[in-house]
Amino acid sequence: MTDTPTSTDRDRTETDATAADREPLFDRIPRRDFMKAGVAAGAMGSFAGCTGLLSDDDHPSAADVDASVAPGEHDEYYAFLSGGHTGEIRVYGIPSMRQLMRIPVFSTESARGYGYDDRTSEMLEEAGGYTWGDTHHPRLSQTDNDYDGRFAYVNDKANGRMARIDLKYFETDAIVDVPNTQGVHGACARLPDTDLIFGVGEFRVPMPNDGRDLDDPDEYTSVLTAIEPESFDVAWQVLVDGNMDNGDGGKNGRWFFATGYNSENGVTESEMSGSDTDYVKAFDTLAIEDAVEAGEYEEIGGVKVVDGRQDSPLNGGSDPIVRYVDVPKSPHGVSVTPDGEYAIASGKLDPTCSVIDIEMLGDAADPNDAIVGQPRVGMGPLHTAYDGRGHAYTTLFIDSQVVKWDIEDAVEADLGSEEPVIEKIDVHYNPGHLIAAESYTADPQGDWLVSLNKLSKDRFLPVGPMHPENDQLIYIGDDDAGMKLVKDTPSYAEPHDASIVSADKLDPATVYDPEDYDEEFVGPEDSEIVREDGRVHVKMYSMRNEFGYSDVTVQEGDEVTFTVTNIEETDDILHSLAIPEYDVNIKLAPQETREVTITADEPGVYWMYCAFFCSALHLEMRSRLLVEPAE
Ligand code: CUK
Ligand code: CUA
């Protein structure tokens with residue numbers, strides 16, 4: 001198929017819209033509540049006549065594409081997927097779709113001892129002490145609009161937090177509990193050099209949320225939060241009208257875009273659905289920084305908060321700090337094209353995507369003039385990714401498809417035209433995000449795309465009423481042959497978004513560098529037990545197949561700190577210190593030191609053991625904690 005479809009192509013796709021292999025619409029109605037029944041009914045009304053799709057027969061078979069990665073071979077890409085309400089990040093290899101690692105972020109995780117040693121439990125405690133989070137949008141740091149392999153960032157939609165993951169060690173190293181906000185949804189950065197991280201506040205709450213204005217929703221607001229990437233402190237916030245949803249940074253250091261719903265500032269669904277339009281908010285971050293510099297902020301909850309609401313004086317002049325662009329009701333995803341020219345917002349409740357010309361936005365008297373294209377792509381468009389060849393790929397939640405369309409054709413076509421649509425492929429089923437290789441950079445790779453489908457239905461062996469989701473790998477590297485579905489991958493609830501980066505841009509360490517952490521490295525000659533006033537400090541090493549002490553005796557009531565080093569220098573030889581009935585398991589990778597503090601309040605014998613299978617004598621690798629009863 002050519003880039004510009006002929007009318008014959010389109011006629012054929014429409015004929016196939018009711019192919020027998022499609023499920024009835026009601027079976028495909030989302031289990032999530034954000035597509036309301038009324039919308040679904042509307043979708044049903046327009047379903048028969050409007051949606052185009054290629055049947056699977058129109059696509060070359062997946063067997064034509066080699067996505068195999070032989071045993072022992074490495075993948076070409078890393079994918080970082082959010083884990084949703086597991087509170088973690090998952091690392092996959094692409095194209096194998098093998099899960100390589102999980103990185104706990106907002107929830108404790110015992111295999112890593114995350115939240116079990118003193119350092120990580122203090123980090124989680126200082127970040128609010130919650131035991132779970134809801135990660136949606138993992139983004140990677142960039143330099144000059146390309147991945148630099150240093151950090152990943154992700155939001156916590158549940159508790160209004162943002163976290164940073166150090167990609168040297170693939171572990172969470174900073175979390176900020178964002179003040180004045182509840183529900184940080186979108187997460188991304190100011191590019192080209194990731195010099196600010198943004199958390200997009202979703203739920204509107206009183207400012208500050210301390211008991212005031214409880215039932216006075218007119219006083220609720222939501223905020224965009226800018227975070228310093230190094231210190232991970234909040235730099236400033238901007239108050240806006242309406243809820244916000246997703247976000248993406250422009251490529252040239254100035255703009256940041258956020259979709260939003262509820263421009264009505266309502267609290268019930270019907271109150272949020274009155275208007276025909278909502279906003280894409282375009283934040284002029286340089287103008288905001290000028291306002292902060294000039295002292296035009298109010299300090300709330302310890303943060304400099306700038307007023308970006310529509311009636312704010314800062315939005316009154318010719319250089320408003322936030323431009324409100326009217327787009328059809330409740331847009332969901334927004335992403336900036338690789339060339340930085342357009343921000344594309346997906347319609348969700350409307351079958352179009354809105355193409356916003358970023359340069360025009362800065363100059364136009366009316367921000368709505370910057371909408372230069374609005375292709376009709378299909379039902380329930382949620383998110384858009386790019387291949388670097390001028391094509392956009394948008395997930396269609398209601399149609400259960402990915403649609404490929406031409407961005408410049410969309411700018412040239414009339415608003416609402418289907419002309420820019422090149423092809424559609426079925427996915428299984430109801431996709432949320434999709435991500436193409438390096439889509440968020442200036443230079444996407446254009447070969448692989450992953451559709452993160454919410455429902456898998458009958459695609460896998462049944463495992464009870466909670467089904468896995470289905471992440472599908474699609475090859476997009478051949479514009480003539482069209483998109484090809486290559487692989488189904490079941491995934492645990494629930495990935496929302498992902499970033500895919502070329503493997504050669506990351507350089508993870510394979511053993512720890514003791515210089516990188518504060519805990520004292522304990523070699524064999526450093527072993528000691530220091531006792532002082534009811535406090536016991538046990539410093540010991542670990543190696544195959546022993547701990548530095550074969551037993552440690554303390555008194556009931558002692559506060560005992562273990563500082564334990566894995567002195568192995570060999571890759572992949574992990575130990576841990578697990579203490580039964582004291583809720584302790586700290587992971588120790590080669591050259592890693594961790595500390596954990598317990599109160600020895602139960603007299604008895606406790607077999608401290610190593611939980612990683614480290615050698616043939618792994619089971620023998622243990623030590624006794626002897627807690628003597630108080631007199
Ligand atoms: S997402 Cu967070 S509701 Cu479409 Cu970016 Cu899933
Ligand atoms: Cu060390 Cu098992």
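Mentor: We begin with a caution about records: a UniProt annotation may be inferred rather than shown by experiment. The model itself is predicted.

Trainee: Which residues does the annotation "domain: Cytochrome oxidase subunit II copper A binding" cover?

Mentor: According to the unreviewed UniProt entry, that annotation covers residues 531-631. In the model, this span is 0% helix and 55% strand, and its end C-alpha atoms lie 18 Å apart.

Trainee: Which residues are around ligand 1?

Mentor: The residues around ligand 1 are Asn246 together with His136, His137, His185, His332, His383, His433 and His496. By class, this shell has 8 polar residues, with no nonpolar and no charged ones.

Trainee: How is the lining of the largest pocket made up by class?

Mentor: The lining has 17 nonpolar, 9 charged and 2 polar residues. These 28 residues surround a pocket with a volume of about 960 Å³. Leu100, Met101, Phe170, Pro508 and Ala509 lie nearest the pocket's centre. The elements that give two or more residues to the lining are strand S1 (77-82) and strand S3 (99-104); S3 gives the most, with 3 residues.

Trainee: How many disulfides does a search of the whole structure find?

Mentor: A disulfide is a covalent bond between the sulfur atoms of two cysteines. Here the search finds 0 disulfides.

Trainee: Is Cys353 buried or exposed, and is Cys610 buried or exposed?

Mentor: The cut-off for buried is under 20% relative accessible area. Cys353 has a value of 0%, so Cys353 is buried. Cys610, at 1%, is therefore buried as well.

Terms used: Residues are numbered from 1 along each chain as its sequence is written. Chains are lettered from A and ligands numbered from 1 in the order in which they are written. This is a predicted model: local features need pLDDT of at least 70, side-chain atom pairs count only at pLDDT 80 or more; totals for chains, interfaces and linings use all residues. Side-chain values use heavy atoms; hydrogens and water are left out. On a 1 Å grid over the protein atoms alone, a cavity is a set of points where a 1.4 Å probe fits but cannot get out, and a pocket is an open set with protein on both sides within 12 Å along at least five of seven lines; lining residues have an atom within 4 Å of a point. Grid points are joined across faces, edges and corners, and a volume is the space filled by probe spheres set on the points. Helices (H or I, at least four residues) and strands (E, at least two) are DSSP runs, numbered from the N terminus. Ala, Val, Leu, Ile, Met, Phe, Trp, Tyr, Cys and Pro count as nonpolar, Asp, Glu, Lys and Arg as charged, and the others, Gly among them, as polar. A residue is near a molecule or strand if one of its heavy atoms lies within 4 Å of it. A disulfide is a pair of cysteine sulfur atoms within 2.5 Å. Buried means under 20% relative accessible area, exposed over 50%, partly exposed in between (1.4 Å probe, protein chains only).
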